[in-house]
Amino acid sequence: MENEIRVEEAKEALGLVKSSQADVAERLITPWWYHTVLGVLEAGLIVAPAARSPIVLVGALFLFGIGLGTLVTVYRRMTAVWVTGYNAGRASSWAFALGAIAGLAYVISIAAAIGLGWWQVSVAMAVIVVPVTIVLGRRFDDALRGQLREGS
Amino acid sequence: VSTAPRFDHLIHAPNRLQICSMLSAVAEAEFATLRDALGVSDSVLSKHLRTLEEAGYLMLRKSTSGGRMRTWAALTREGRHAFAGHVAELQRLAEGVLPEHVR
């Protein structure tokens, strides 16, 4: 008898866990402009080496930091929840992929523009990173919501 | 690495189970979000958050945003571990599996 009650109680509690996590999934609605703004910020950083100026490089880093901080603050204020992209279970693979691509684009931009004088490569990398950020960012959101609804 | 099943009476109370479930899915959530999701008063939520905080399962952080103070709650590493263990134990109970020392 005690076991039967405990089985039922455990199932009920697991249902509560699942519904609470599904509730979070419904609240994680990323504003449509979020990934576009993130992509533009990344593009600004990646195109900076084309100027071949240390001041522009440092200034771009500074502006990227300020812009990213503002973007995160606005997102938090709007959704009232925060998820760390690199610590979100299976969905994190999309965040890692985005970080790796953006990082690689930045390295290529620096090597091409400063090392070889090919500033066009920096511009191309910056142009590419915007749609990549939008696509991978939305994949991350979908994966995260999906796994929360599944309760995993 | 799977977490060892461990029933946690402190987490099992329905409101606290909901709080931990929501916070386990995010890095942090705002007080008002938790209150609305649970459908409880500020004082009831505060009491549950304080209980979890005193157990070392939860951290509270205050920030000013748009001219007003906001409170953010996040599970600690210990809290996440305890919650994962509790959910594992619930799964074990729901499946009717006997604990290892009884088998």
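Predicted model: local features only at pLDDT ≥ 70, side-chain atom pairs only at ≥ 80, totals over all residues.
Residues are numbered from 1 along each chain as its sequence is written, chains are lettered from A and ligands numbered from 1 in the order in which they are written. Local features need pLDDT of at least 70, side-chain atom pairs count only at pLDDT 80 or more, totals for chains, interfaces and linings use all residues, and side-chain values use heavy atoms, with hydrogens and water left out.

**Stop 1: the rings**

Rings of Phe, Tyr and Trp (its six-membered ring) pair if their centres lie within 6.5 Å; planes under 30 degrees apart are stacked, over 60 edge-to-face, the rest tilted. By this rule there are two aromatic pairs over all chains. Select Tyr34(A) and Tyr75(A). Their ring centres are 5.0 Å apart and their planes stand at 55°, so this pair is tilted. Tyr34(A) lies in helix H2 (residues 34-47) of chain A and Tyr75(A) in helix H3 (residues 54-79) of chain A, so the pair ties together parts 41 residues apart in sequence. Helices (H or I, at least four residues) and strands (E, at least two) are DSSP runs, numbered from the N terminus.

Tyr34(A), Tyr75(A) and Trp82(A) make up one aromatic cluster.

Are Tyr75(A) and Trp82(A) buried or exposed? Both are buried. Buried means under 20% relative accessible area, exposed over 50%, partly exposed in between (1.4 Å probe, protein chains only). Tyr34(A) is buried too, at 10%.

**Stop 2: across the chains**

Select Arg76(A). Its charged end sits over the ring of Trp72(B), 5.6 Å from the centre. (The rule: NZ of Lys or CZ of Arg within 6 Å of the ring centre and within 35 degrees of the ring normal.)

A salt bridge is a side-chain nitrogen of Lys or Arg within 4 Å of a carboxyl oxygen of Asp or Glu. Glu28(B) and Arg76(A) are buried.

**Stop 3: two more bridges**

The structure holds eleven salt bridges over all chains. Among them is Arg149(A) with Glu26(A), at 3.0 Å between the closest N and O atoms. Arg149(A) is in helix H5 (residues 119-150) and Glu26(A) in helix H1 (residues 2-27) of chain A, 123 residues apart.

Finish on Arg145(A) and Asp142(A), bridged at 3.7 Å. Both lie in helix H5 of chain A, three residues apart.
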